[in-house]
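Trainee: Could we go through this one together before I write my notes? I'd like to start with the charged pairs and then move on to the packing.

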Amino acid sequence: MLLRHLPNLLTTLRLAAAPATAGLLAAGHFSAALALFIFAGLSDAADGFLAKRFGLSTPLGRFLDPLADKALMLAVFITLARLDEVPVWLTATVIARDLLIVSGLAVALALRAPISIKPVMAGKLCTAAQVVYIGLHLASLAFGFSIAWISPADAYITAGVAFASAIAYSSVWLNAMQSIGRKDFA
């Protein structure tokens, strides 16, 4: 019985990890923030595995999972930008991409467009780039090593992948919008 709810419990813990990680960062507890970030990543993998392997996916889980992922990444990006550890322009790029995707999805759903609500490969690459970027910066803070050898190139790469992802999702959205027009004239 507990197994049935475990993926949603893990997702809920990950959702709670967003403000907790931001709070730990703001308080200067970088090692604890890194540990919580790693826990969140492992819980994401675990809940996804359990949901798929044992057929435990639920509508609530399909809604909460991406919400938890976005909340954690945005909380960490915003907090690290406030601490001058990541560029504000990169944080703005990450936020703008997410707002574009959510806004486009809302418009498509409101217009009853046949849009697929699933990640595209560019979106997965974007998430991976953001996780690596944040993980590297958190590790640098936690363990006190310099990442000057890769910075600011890592920010440009992360932004470039985010931009490519935004284009990919825009393409999905445009195709859905075009299908509305074709239905109207059929």
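Trainee: Are Asp-47 and Arg-14 buried or exposed?

Mentor: Keeping in mind that this is a predicted model, Asp-47 is buried, and Arg-14 is buried as well. The side chains of these two residues meet in a salt bridge, at 2.6 Å from N to O, and the pair links distant parts of the chain, with Asp-47 in helix α2 and Arg-14 in helix α1, 33 residues apart.

Trainee: Why does Arg-14 count as buried?

Mentor: Its relative accessibility is 1%, so Arg-14 counts as buried, given that the cut-off for buried is under 20%.

Trainee: And what does Asp-44 do with Arg-14?

Mentor: Asp-44 also forms a salt bridge with Arg-14, and there the closest N and O atoms are 3.4 Å apart. This pair, too, links distant parts of the chain, since Arg-14 lies in helix α1 and Asp-44 in helix α2, 30 residues apart. Asp-44 has a relative accessibility of 26% and therefore counts as partly exposed.

Trainee: How many salt bridges does the structure hold?

Mentor: The structure holds 6 salt bridges. One of them joins Asp-98 to Lys-70, with the closest N and O atoms 3.5 Å apart, and it links distant parts of the chain, namely Asp-98 in helix α4 and Lys-70 in helix α3, 28 residues apart. Asp-98 counts as buried because its relative accessibility is 8%, whereas Lys-70, at 27%, counts as partly exposed.

Trainee: Switching to the packing, which residues touch the most other members of the largest nonpolar core?

Mentor: That core has 26 residues, and Val-76, Phe-77, Leu-80, Ile-134 and Leu-138 are the ones touching the most other members. The elements giving two or more residues to it are α1, α2, α3, α4, α5 and α6, and α3 gives the most, with 7 residues.

Trainee: What is Ile-134 in contact with, leaving aside its neighbours within four places in sequence?

Mentor: Ile-134 is in contact with Phe-37, Met-73, Val-76, Phe-77 and Leu-80.

Trainee: What happens just after α3?

Mentor: Asp-84, which comes just after the helix, takes a positive phi of about 60°.

Trainee: Last topic, the surface: which residues form a nonpolar patch there?

Mentor: Leu-9, Leu-13 and Phe-39 form it, and together they have about 250 Å² of accessible area. Phe-39 is found in helix α2, and because its relative accessibility is 36%, it counts as partly exposed.

Note on methods. Residues numbered from 1 in each chain as written. Predicted model: local features only at pLDDT ≥ 70, side-chain atom pairs only at ≥ 80, totals over all residues. Heavy atoms only, no water. Helix = DSSP H or I, 4+ residues; strand = E, 2+ residues; numbered from the N terminus. Core = buried A, V, L, I, M, F, W, Y, C linked by side-chain atoms within 4.5 Å. Buried < 20%, exposed > 50% of the residue type's maximum accessible area, 1.4 Å probe, protein only. Contact = heavy atoms within 4.5 Å. Patch = residues over 30% accessible without salt bridge, like charges linked within 9 Å, V, L, I, M, F, W, Y side chains within 5 Å. Areas by Shrake-Rupley, 256 points an atom, 1.4 Å probe, with all protein chains shown as cover. Salt bridge = Lys/Arg side-chain N within 4 Å of Asp/Glu carboxyl O.
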